[in-house]
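Work through the following exercises with the sequence and the model side by side. Each task is followed by a solution that goes step by step.

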Amino acid sequence: MPVTVTRTTITTTTSSSSGLGSPTIVGSPRALTQPLGLLRLLQLLSTCVAFSLVASVNAWTGPMGDWSMFTWCFCFAVTLIILLVEVCGLQPRFPLSWRNFPITYACYAALFCLSTSIIYPTTYVQFQPHGRVRDHAIAATAFSCIAFVAYATEVAWTRARPGEITGYMATVPGLLKVLETFVACVIFTFLTNTSLYQHKAALEWCVAVYAICFILAAVAILLNLGDCTNVLPISFPTFLSGLALLSVLFYATALVIWPLYQFDQRYGGYPRRSQDVSCSSSHSYYICSWDRRLAVAILTAINLLAYVADLVYSARLVFVRV
């Protein structure tokens, strides 16, 4: 959805974007010599080095290791595709909105690399003895941090500013949608142990909240990536405001219910980690049930804050079609 951002007003339009304050060179290798092209080359190099270092010594184990390898390989592959599209000038033939896709991906990649830069060293590196494998793992973590900084820099460079013509995903509400869906996905990974919620209907409601809000936010993102916001039976701004308000109300109930039933003894919860027998094991690749419960509670609070900010920004935006 192409938009012009002027303070709190968003105007839909069909003009082209200049990007970073200067004409974007496309369809030529010269695109790689521009600041954004050089930044994407850094992203490509850092993710490639990260997974190469780990793969060369098999320095990953368990689901957390698989997540780390997936993150680096996925980010490398998509960044390479974006560079090829830019160099070959294939934006008009790309199946998704080029105004929205690069910054949406950059935001997801930044969150992916940030999570991996935290998860990989805490669940794998610190448990490795000194040697070649540990050195490779530490170096991979460093390059993962570099990749995060590079992707976060791209988001900062290409996000919407007053007076610029851009896509909805480059605005604050658009970027918040990315954060909301990412946090929900992380919540789902902690909920793979179904025994955490299947024994109580209140906890099953919390899981339903996470799923419903994730689907709605994902629909908003996909509508923008596909340039098909006009297929909705209501106006897109109304859809966004309603989505944000509904999500705030749903997440508020989850923020109360989840900790209450997981950590209050009156409802069968465990207020202390030591009371959970599944946490007696010190296996480095295993996340015990109490830790999963705590992680979901924290992520629920984070997502509630994101939806509140989304609601505030969505209420302030004005869409004017031209």
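**Exercise 1.** In which loop is the place of Asp227?

Solution. The model is a predicted one, in which local features need pLDDT of at least 70 and side-chain atom pairs count only at pLDDT 80 or more, while totals for chains, interfaces and linings use all residues. Residues are numbered from 1 along each chain as its sequence is written, and side-chain values use heavy atoms, with hydrogens and water left out. Asp227 is found in the loop between α6 and α7, where helices are DSSP runs of H or I with at least four residues, strands are E runs of at least two, and both are numbered from the N terminus. Although Asp227 is not a glycine, its phi is positive, at about 50 degrees. Its relative accessible area is 44%, so Asp227 is partly exposed; this class lies between buried, under 20%, and exposed, over 50% (1.4 Å probe, protein chains only).

**Exercise 2.** Determine whether Asn58 is buried or exposed, and describe its setting.

Solution. Begin with the backbone: Asn58, a residue other than glycine, has a positive phi near 50 degrees. Finally, because its relative accessible area is 57%, Asn58 counts as exposed.

**Exercise 3.** Which residues touch the most other members of the largest nonpolar core?

Solution. A nonpolar core is a set of buried Ala, Val, Leu, Ile, Met, Phe, Trp, Tyr and Cys residues joined through side-chain atoms within 4.5 Å. The largest one has 66 residues, and Leu191, Tyr210, Tyr251 and Trp258 touch the most other members. At least two residues of this core come from each of α2 (62-88), α3 (101-123), α4 (132-158), α5 (172-190), α6 (201-225), α7 (236-263) and α8, with the largest share, 12 residues, supplied by α6. Taking Tyr251 as an example, and leaving aside residues up to four places away in sequence, its contacts (heavy atoms within 4.5 Å) include Ala184, Val209, Tyr210, Cys213 and Tyr307.

**Exercise 4.** Summarise the chain as a whole, from its elements to its burial.

Solution. The protein chain has eight helices and four strands, which follow the pattern β-β-α-α-α-α-β-α-α-α-α-β along the sequence. Among contacts with a separation of 6 or more, 75% join residues 24 or more positions apart. Of the 322 residues, 47% count as buried.
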